[in-house]
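Here are my notes on the model you sent over, as numbered points.

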Amino acid sequence: MKYIDEYRDADAAEQFREAIHKTVSRPWTLMEVCGGQTHAIVKFGIDELLPKEVELVHGPGCPVCVTPLELIDKAITIASRPDVIFCSFGDMLRVPGSDRDLLMVKANGGDIRIVYSPLDAVKIARENPDKEVVFFAVGFETTAPANAMAVHQAKQLGVKNFSVLVSHVLVPPAIEAVMSSPQCRVQGFLAAGHVCTVMGYTEYEPIAKKYKVPIVVTGFEPLDILQGIFMCVKQLEEGRTEVENQYARSVRKEGNQPAQQLVREVFRIVPRKWRGVGEIPESGLGLTDEYAEFDAEKRFGVSAYTAEEPEECISGLVLQGIKKPNECPAFGTRCTPEHPFGATMVSNEGACAAYHRYRRHLVRVETARGVTI
Amino acid sequence: MKAQMEYGPVCPIPISEYPQVLMAHGGGGKLMHDLIENMFVPAFHNPLLGERHDGAVFNVGTARLAFTTDSYVVKPIFFPGGDIGSLAVNGTVNDLAMCGARPLYLSAGFILEEGMETEKLWQIVRSMQRAAEEAGVALVTGDTKVVDRGKGDEIFINTAGVGVIEHDLKINPKQVRPGDAVILSGDIGRHGIAIMAAREGLEFESAIESDCAPLNSLVRNLIDAGLDIHCMRDLTRGGLASALVEIAESSGHQIFIEETKISVRDDVQGACEILGFDPMYLANEGRFVLFLPEAQTERALAVMNAHLHGAGAARIGKVTDESFGVILKSRIGANRIVDMFTGEQLPRIC
């Protein structure tokens, strides 16, 4: 189909593959930040086309995966209340909390609804004035404008029975956290195209300069990713560390200004805990004082929750690109998509789930030969 | 995939993952598969059930019969391209056809919710009548129950069906052999998107209609052509991917398919791109896969392409002598495995 097939064309992919092979003269480690890119890489087998010198490690950009355990527990507590209709994007429902997931709350009679837009949750609130309607506002900068719009609209319309459980996170502080880690091996980044569609890419320029890493704003189709890899490797080979834009058909340098303005009105920058990584300063969004009345944590008294992650789960190391999913001893055995230890095994975009779905045979074959991929 | 376990008479419930039934247990994915394998199959253990086919095939006197059942709980009950009534008839007709049987008789059990409009019920009954006529089957027995308002979703229908097998072919997953061609009868994903769009109020430029259709006359043409059919499977819940994974597992052989050979209509692909769905896992109600010796591919395609419900049939892959699952050659030329979904496909965040 138009605007899709062009970016999945086998001949064009072959041209980029050749170009990457010709350009590379030594080993490079690149990180694709976004979980959507991780998914496309393993779904289409993009990394199999690359020369052995180019290693892709998978970054912390899956919003489902980095939502901290205690926030899932808060969601479960709120969603279990008989007076609540809990609205969420679909893939949050299977994320395990400390002892349950939201699907189990639903099976126990909790009114949990999958919505496609946060504005649908506001609509549900207006249609059910005798219920408290809570929207699980997760995601990176990409989903922040729509979530901000929902809160803004609720305030405008005077919808008092609507609130949001906010777990918004931001990409640039995550890149900084990855680069500051002493174990960091990443030499170049593919930045998330959709995040930059909203935010632009000026905030990446100081990061590229400070850490001397090339950052290429990259799309999500196979050709986008191959071109992003080519541009990043070319910079590395030429000794450049700039911010470049592969995804120019969607991303402008300054981003989407009205969307940013709305986000700034409803949200403020706060420290956030990242599942498997820990707290990163100034790495998330929370409601501003003006919109504090819509904070579900305060409304339902769950602000003080804390929870520890299962010890065996290495999702934090996977999210930082330090380990690959199949280096985990529980991968594919004790930890599977049916029985996940950590969120990276839950979401479509989670690196562990993507490996499990598309790569299990390689792991099996390779380990039989005593080699890991 | 888990090994089948033995359970004694005092065993606890052999389900460890979830203590309660989730919606995902009915999603056609791995949770449902595990429920069947770990609970139903061991409990009802018998050779016919062990075949794991769309229906049971057995002899009664000199006749070889196929027997199957299915329940329909689709929401909404009316959708572009069909309704719960046509679905209930075609679904059971197709299960019988996949056994290589000529469907003869159907039963219909209605569970109605107090307060349902009788006009709606009448529309559904008329639709069942038309579907039965088209498929050449008779609805010969039935049952009606009414449950309290709020305890049902307007209407649930169960149909069971009996068909007769009038040839000597053995058609089931265990007959699949290395070297077999894999043929898909047309484009995939339309039913899943039609239901999703109707349920969620999603609007596209033009309505995507379900592919709901009876497959028995097409199957009959294939059998009458004297083709050595090894296996057929209709692609309902769980879609093409789940059907192939199940067949690969039952047969013990690897199935290799090519993404570029699988037909998906542009509007269905577009909806999938928006929702983050993979058409390989979307439900169909008028599509099936066919396994038969490679040498008979052209003849099979000629028969299928001449039929309304097989006009888009194409060879999408082959069975190899490797032993692991389903491998897909992606559009850009790399290989990956195709797995079952755990439960239902859930729309992605972004």
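1. Strands β10 (residues 254-258) and β12 (residues 314-320) of chain B pair in the antiparallel sense over four bridges. Within that pairing, F256(B) has K318(B) of β12(B) as its bridge partner. Strands here are DSSP E runs of at least two residues and helices are H or I runs of at least four, numbered from the N terminus; two strands pair if DSSP finds at least two bridges between them.

2. A word on the basis: this is a predicted model, in which local features need pLDDT of at least 70 and side-chain atom pairs count only at pLDDT 80 or more, while totals for chains, interfaces and linings use all residues. Residues are numbered from 1 along each chain as its sequence is written, and chains are lettered from A and ligands numbered from 1 in the order in which they are written.

3. The sheet in chain B is open, with seven strands in the order β9-β11-β8-β12-β10-β13-β14 and mixed pairing. Because β9 (231-234) and β14 of chain B stand at the edges with a single partner strand each, one side of each has no neighbour in the sheet. Ignoring direction, neighbouring strands are turned by 25 degrees against each other on average.

4. Helix α7 (residues 239-251) of chain B lies across several of these strands, among them β8 (180-184), β11 (288-293) and β13 (326-329), and runs at about 150 degrees to β10(B). Angles run from 0 to 180 degrees between N-to-C directions, with axes fitted to C-alpha atoms, for helices over the stretch in contact.

5. Chain A has an open sheet too, with six strands in the order β4-β3-β5-β6-β11-β10 and mixed pairing. Its edge strands are β4 (111-114) and β10 (267-274) of chain A. In this sheet, β3 (residues 84-88) and β5 (residues 132-139) of chain A run parallel and are joined by four bridges, with C87(A) partnered by F135(A). Helix α6 (residues 118-127) of chain A packs on the sheet, touching β3, β4, β5 and β6 (162-169) of chain A, and its direction makes about 170 degrees with that of β5(A).

6. What are the domains of chain A? By an automatic or database domain assignment, they are domain 1 (1-297 + 306-312) and domain 2 (315-368). Their centres, taken over C-alpha atoms, are 19 Å apart. Counting residues as in contact if their C-beta atoms, placed from the backbone, lie within 7 Å, 29 residues of domain 1 of chain A meet 23 residues of domain 2 of chain A. On the domain 1 side, α2(A) supplies the largest share, six residues.

7. The largest nonpolar core has 136 residues, and A191(A) and I229(A) touch the most other members. Such a core is a set of buried Ala, Val, Leu, Ile, Met, Phe, Trp, Tyr and Cys residues joined through C-beta atoms within 7 Å, where buried asks for 20 or more other C-beta atoms within 10 Å of the residue's own. Helix α11 (residues 222-238) of chain A gives the most to this core, nine residues. Beyond its neighbours within four places in sequence, I229(A) is in contact with I20(A), L30(A), L50(A), V54(A) and L190(A).

8. Between the chains, 31 residues of chain B are in contact with 38 residues of chain A. The largest share of the chain B side, four residues, comes from α8(B).

Methods:
Contact = placed C-beta atoms within 7 Å. Buried ≥ 20, exposed ≤ 12 C-beta atoms within 10 Å, placed from the backbone.
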